[in-house]
Amino acid sequence: MDGPHKRTLAAGWIRRPDPTEDFTANPVELFFDLAFVFAFAQLVSHLVHHPDVEGILEAALLFWMLWLPWSQVTWATNAVSANARNVQVILLVATVASVPMAASISTAFDDGGWIFTGSVAVILATGLMLLIMASPTGSPEWRSSVRYAIPNAVAVVFFFVGAAVDAQPTRVTLWLVGIAIIAVGTLGAGRGDWVIRPGHFAERHGLILIIALGEVIVALAVPVLDSLGEQRGLPGTTIAALTAAGIFAALLWWGYFDRPQHALEHRFAELAGRERSAFARDVYTYLHSLIVAGVILSAAALEEITLHPSDPLPLEFRVMLLIGLTMYVLAVEVSAWRAYHVIPPERAAGAIVLAGVLLLGGSLDGVWLLVLIDTVVLVTFGLESRRLERPTVS
């Protein structure tokens with residue numbers, strides 16, 4: 001028998017644990033996630049070198065083309081255990097494909113479009129194959145997987161046609177059509193029948209967020225290496241900026257993993273059937289993509305601050321940081337509403353204050369602007385924790 005699971009259901013040559021059994025992520029899934037560090041780093045680099053509306057929109061398009069195959073594989077490994085060796089082989093194929101995918105991000109709108117699209121297609125195919133083969137033929141889960149595979153196949157055609165077109169506007173349009181087709185497919189998939197294990201699903205989405213937060217740290221390494229190459233030691237302003245950026249990353253971690261992650265997983269486990277499927281789609285596939293994207297946008301702005309800590313942060317990077325933080329905060333807000341029909345007032349107020357700080361703080365040095373942002377975020381999450389920990393009077 002493959003893996004530690006004693007109760008399994010045969011489904012072709014893949015064995016699936018009992019639908020009621022939950023499990024933790026396998027190391028091969030973590031390996032697959034780590035490959036996305038490279039991809040996220042490439043997106044941050046794209047944003048730093050193209051800090052304008054066009055650059056942000058291009059990064060958004062590329063991010064969604066990364067998120068879709070990652071999400072596909074996550075849904076698949078939620079249905080089947082990655083402890084089985086044949087599943088691990090399939091995931092290793094997806095991991096290998098993610099390397100050229102990440103490397104070709106910088107040239108995706110030029111000659112690297114074929115490599116990027118082909119790699120995305122391979123990862124999508126591995127996820128779909130696992131989903132279909134993991135369910136007994138003719139079962140409700142199998143029918144849901146097949147129905148979902150159809151729009152994905154159509155979307156891949158648009159991706160490949162887009163890669164074959166030299167004109168960038170046409171390529172972008174075709175890729176957007178492909179993404180829209182998959183998005184419509186996920187809407188219908190949320191009404192289907194799926195095997196969903198809340199613990200594993202929540203863990204996997206928490207891990208990809210940690211990968212994104214790790215990219216913040218990776219982005220900070222750039223000014224460190226530059227400073228060490230030009231002089232002995234680090235300037236005081238660079239050390240201050242690095243410290244403030246580290247605090248920023250820690251606060252983002254706190255803002256999700258201290259309470260929201262556990263609360264969302266608890267609500268997730270209370271649901272069943274198609275309600276659980278729709279919750280997984282809305283909170284994890286949709287809203288978590290905005291949380292992760294918000295971290296990536298913020299990382300690009302942090303890199304600019306740590307590179308030039310004594311200079312005012314240019315408007316385009318302040319807007320980038322504003323969009324990133326707003327996406328992060330509001331996506332968690334909407335997730336809380338989706339789960340419990342409540343809106344944390346502190347986060348809504350904090351988002352408004354952050355908008356004012358970033359839009360009006362153009363004269364501040366980058367390091368002081370970041371210190372001010374850290375203070376606002378710390379107060380926001382601190383007030384929320386104090387309210388939630390206050391004893392209720394019955």
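Among contacts with a separation of 6 or more, what share comes from residues 24 or more positions apart? In this chain, such residues account for 78% of those contacts. Contact here means heavy atoms within 4.5 Å.

This is a predicted model, in which local features need pLDDT of at least 70 and side-chain atom pairs count only at pLDDT 80 or more, while totals for chains, interfaces and linings use all residues. Residues are numbered from 1 along each chain as its sequence is written, and side-chain values use heavy atoms, with hydrogens and water left out.

Start with the whole chain. It has 13 helices and two strands. These are DSSP runs, numbered from the N terminus: helices are H or I with at least four residues, strands are E with at least two. The radius of gyration is 22 Å, close to the 21 Å that the globule rule gives for 394 residues, so the chain is as compact as a globular protein of that length. That radius is taken over C-alpha atoms, and the rule is 2.2 Å times the number of residues to the power 0.38. Along the principal axes, the C-alpha atoms fill a box of roughly 65 × 65 × 35 Å. Buried residues make up 54% of the 394. Buried means under 20% relative accessible area, exposed over 50%, and partly exposed in between, with a 1.4 Å probe and protein chains only.

Now go to helix α1, residues 27–49. H46 lies in this helix. Its relative accessibility is 10%, so H46 counts as buried. Beyond its neighbours within four places in sequence, H46 is in contact with G55, E58 and A59.

Next, the aromatic rings. The whole structure holds 19 aromatic pairs. In the pair F32 and F36, the ring centres are 5.3 Å apart and the planes stand at 70°, so the pair is edge-to-face. Rings of Phe, Tyr and Trp (its six-membered ring) pair if their centres lie within 6.5 Å; planes under 30 degrees apart are stacked, over 60 edge-to-face, and the rest tilted. F32 and F36 are four residues apart in helix α1, which means about one helical turn separates them. F32 and F36 are both buried. Elsewhere, ring pairs link W75, Y148, W194, F201, F268, F279 and Y284 into a cluster.

Move on to helices α8 (residues 236–257) and α9 (residues 260–270). They pack at an angle of about 25°, with axes 5 Å apart. Axes are lines fitted to C-alpha atoms, for helices over the stretch in contact, and angles run from 0 to 180 degrees between N-to-C directions. α8 is therefore roughly parallel to α9. Angles under 35 degrees count as roughly parallel, over 145 as roughly antiparallel, 65 to 115 as roughly perpendicular, and the rest as oblique. G255, Y256 and F257 of α8 meet P260, Q261, H262 and L264 of α9.

H341 sits in the loop between α11 (315–340) and α12 (345–360). At 55% relative accessibility, H341 counts as exposed. H341 is not a glycine, yet has a positive phi of about 60°. Most residues other than glycine have a negative phi.
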